Amino acid sequence: MNHLDPAWLHSFVAIARSGSVTAAARQVHRAQSAVSSHLRQLEGAVGTRLAERSTRSLALTAEGERFLPYAQRLLALQQEARAAVQPRADAGVLRVGISEYFLPARLDGLLAVLDDAADGRRLELLWAGSAVLRRLWQGHEVDLAVVSGVEPAPVAGSRLLRREPLAWVASPALVLPAHGPAPLVLLGPDCALRDIALAALSRTGRPHAVRLTCSGSQGAVAAIRAGWGVGCLNHAAIPADLVRLDWPSPGRLDFHLLARPAARRPGAALAAWARSGGQ
């Protein structure tokens, strides 16, 4: 394998999260042509197609889905390497981890609330799956976290922050097979939402098959948009361009707040913001 330029990896991860070159270009602050070039160069370096473009969106190939967590880890390792040689200033940093499913359309408002309540500390935000966030919390690597799950509370000491019903969603263009299993787009085995969805289908006896497993919620949304299959999302995480199917709801998803003593004020501000529905 040839050298993997970090710029290529940043553009690839942005494409996976956003589902389009246009949105990815905005995220990485580069021209669309540059992002497209980065994707082609990365594909040339690894020797395989990582994404397929349709008329409406761009979705990762199976190889792209497998490569995505490695790209994220490589970028994270670069950040860790830089941080390892910098003077530590943990007392001046508020480290926050937020579930990908927690009011994703209002992330800008959440950041403003946390920044205002940080008492002058620099804000570091990790937007990730709850399994990752729970491990970071247990390792004392975050000061404040919002994790998803179902009762009982997923982490000792957490408190219920928000509860949302779940729904089955799909692209308006998706035509489900009249006979045979319905194709599903879900996250990996450590995702609580995946377990809820599969258990609900088993209870109802609806034939199904997992067609695509994604490493992050934005990758799953992009694949659902591209018509790869049916997904399961909490209401606040459902984009306006997806349709809700008339299948029975698989249940609900709970969000729990974890706050260390040093993050008590930001935690209270986040809780008040969440109770207002992110207003």
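Guide: Start with helix 1 and helix 2, the latter covering residues 21-28. This is a predicted model. The two helices pack at an angle of about 125 degrees, and their axes lie 8 Å apart. The crossing of helix 1 past helix 2 is right-handed.

Now the residues. Helix 1 brings His-10, Ser-11, Ala-14, Ile-15, Arg-17 and Ser-18 to this contact. Helix 2 answers with Val-21, Ala-23, Ala-24, Gln-27 and Val-28. Sorted by class, the contact of helix 1 with helix 2 has six nonpolar residues, four polar and one charged.

Helix 1 also packs against helix 3. Helix 1 spans residues 6-18, and helix 3 spans residues 32-46. Their angle is about 110 degrees, with the axes 8 Å apart. The range from 65 to 115 degrees counts as roughly perpendicular, and helix 1 and helix 3 therefore fall into that class.

On the helix 1 side, the residues are Ala-7, Trp-8, Leu-9, Ser-11, Phe-12 and Ile-15. They meet Val-35, His-38, Leu-39, Gln-41, Leu-42 and Ala-45 of helix 3. This contact of helix 1 with helix 3 has nine nonpolar residues, three polar and no charged ones.

Next, the aromatic rings. The structure holds four aromatic pairs. Phe-102, Phe-255 and Trp-273 are joined by ring pairs into a cluster.

Two arginines sit over tryptophan rings. The charged end of Arg-206 is over the ring of Trp-247, 4.0 Å from the ring centre. Arg-260 lies over the face of Trp-137, at 3.7 Å from the centre of that ring.

Finish with a loop residue. Where is Ala-236 found? Ala-236 is in the loop between strand 9 (231-234) and strand 10 (243-244). Set aside its neighbours within four places in sequence, and Ala-236 is in contact with Leu-103, Pro-104 and Glu-164. Cys-214 is 22 residues from Ala-236 in sequence. In space, Ala-236 and Cys-214 are 19 Å apart, C-alpha to C-alpha.

Key
Residues are numbered from 1 along each chain as its sequence is written. This is a predicted model: local features need pLDDT of at least 70, side-chain atom pairs count only at pLDDT 80 or more; totals for chains, interfaces and linings use all residues. Side-chain values use heavy atoms; hydrogens and water are left out. Axes are lines fitted to C-alpha atoms, for helices over the stretch in contact, and angles run from 0 to 180 degrees between N-to-C directions. Helices (H or I, at least four residues) and strands (E, at least two) are DSSP runs, numbered from the N terminus. Angles under 35 degrees count as roughly parallel, over 145 as roughly antiparallel, 65 to 115 as roughly perpendicular and the rest as oblique. Contact means heavy atoms within 4.5 Å. Ala, Val, Leu, Ile, Met, Phe, Trp, Tyr, Cys and Pro count as nonpolar, Asp, Glu, Lys and Arg as charged, and the others, Gly among them, as polar. Rings of Phe, Tyr and Trp (its six-membered ring) pair if their centres lie within 6.5 Å; planes under 30 degrees apart count as stacked, over 60 as edge-to-face and the rest as tilted. A charge sits over a ring if NZ of Lys or CZ of Arg is within 6 Å of the ring centre and within 35 degrees of the ring normal. A crossing is left-handed if the near helix is turned anticlockwise from the far one by less than a right angle, and right-handed if clockwise.
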